[in-house]
Amino acid sequence: MKVVFLGTGTADSFERAQSSVLIERDGEAILVDAGNGCLLRLGQLGKKPADVKAVLLTHIHLDHSGDLLPLLKARWLSKVEDELKIFAPTGAKNWLESQLEAFPFLKGRLNYSVVEVGEEKFNVSGFRVESVKTRHSVESRGYVVNGVLFTGDTAPFEELYCRDFSVVVHELSLPEGFSSSHTTPDSISRFSEVLKEKTVYFTHLYPHTLAIRDRIIERLGFGRFAEDLESFTV
Ligand SMILES: [Zn+2]
Ligand SMILES: [Zn+2]
């Protein structure tokens with residue numbers, strides 16, 4: 001399985017696309033989140049709208065969902081026949097339908113399904129997925145996909161790490177003191193014992209975090225900062 005970081009930035013990033021990851025295996029491709037800029041990054045990889053079969057949405061903040069409607073519209077204009085399967089936290093179905101009120105010309109033209117997930121296991125496009133409730137400022141989920149944990153936006157907590165994973169794509173939004181609904185070097189350091197045993201990629205990087213990235217890694221003693229279009233294979 002190949003994982004490509006499409007966007008490692010946040011809502012105020014201008015040099016990185018916003019949150020999105022491409023996961024590929026055996027000719028199938030799905031996304032975790034579809035923040036602004038992910039369509040451009042997919043194009044840079046030579047992908048087409050039809051190539052993405054599903055989106056695992058961690059939550060509906062704009063920096064994780066801004067390219068979802070554009071992806072659906074691109075699939076409509078490209079005459080893609082199969083529906084885009086969207087897995088998301090509770091409330092996502094209404095949220096998407098209410099967005100279409102603002103774009104009435106799209107109503108009835110976009111081919112998608114929304115499954116609102118709690119804590120459960122399911123399969124999509126040949127991927128084994130486990131959804132995990134996370135701790136953010138809105139309803140949110142993390143996903144374990146074939147042994148890789150994608151945290152989405154969350155404060156770190158013990159149960160999150162009691163899953164079967166060897167690699168984690170972990171948000172590390174902000175330095176200490178900024179927010180309790182995100183991960184900081186201080187809050188994640190409480191779980192260093194378990195995380196030192198894993199391969200850890202940090203993403204969802206605000207400029208304040210990037211400004212002190214070397215100091216953070218030195219202090220934590222584990223993990224590395226991901227870059228847009230960087231990839232790894234598991
Ligand atoms: Zn968020
Ligand atoms: Zn975010």
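**Entry: the model.** I am working from a predicted model. I keep that in mind throughout.

**Entry: strand 5.** I began with strand 5, residues 84–88. Is this strand buried or exposed? I found 4 of its 5 residues buried, so the rest of the structure largely encloses it. The cut-off I used for buried is 20 or more other C-beta atoms within 10 Å.

**Entry: partners of strand 5.** Next I asked which strands pair with strand 5. Strand 4, residues 52–56, runs parallel to strand 5 and is joined to it by 3 bridges. I looked up Leu56 and found Phe87 of strand 5 as its bridge partner. Strand 6, residues 112–116, also pairs with strand 5 in the parallel sense, here over 5 bridges. In that pairing I noted Leu84 opposite Tyr112 of strand 6.

**Entry: the crossover.** I then followed the chain on from strand 5. Helix 4, residues 92–101, comes together with strand 5 and strand 6 in a β-α-β unit. What is the hand of this unit? I recorded it as right-handed.

Entry: I picked out strand 10, residues 148–150, and strand 11, residues 167–171. They pair in the parallel sense over 3 bridges. Leu149 stands opposite Val168 in strand 11.

**Entry: Lys79.** I looked for residues with positive phi that are not glycines. Lys79 has a phi of about 60°. I located Lys79 in the loop between helix 3 (68–77) and strand 5. Why does Lys79 count as exposed? It has 8 C-beta neighbours inside 10 Å, and the cut-off for exposed is 12 or fewer.

**Entry: Ser125.** Ser125 is not a glycine either, yet its phi is positive, about 50°. I found Ser125 in the loop between strand 7 and strand 8 (127–133). I counted 17 other C-beta atoms within 10 Å of Ser125, so I noted this residue as partly exposed.

Conventions
Residues numbered from 1 in each chain as written. Chains lettered and ligands numbered in written order. Predicted model: local features only at pLDDT ≥ 70, side-chain atom pairs only at ≥ 80, totals over all residues. Helix = DSSP H or I, 4+ residues; strand = E, 2+ residues; numbered from the N terminus. Pairing = 2+ DSSP bridges. Right-handed = clockwise from strand over helix to strand, strands pointing away.
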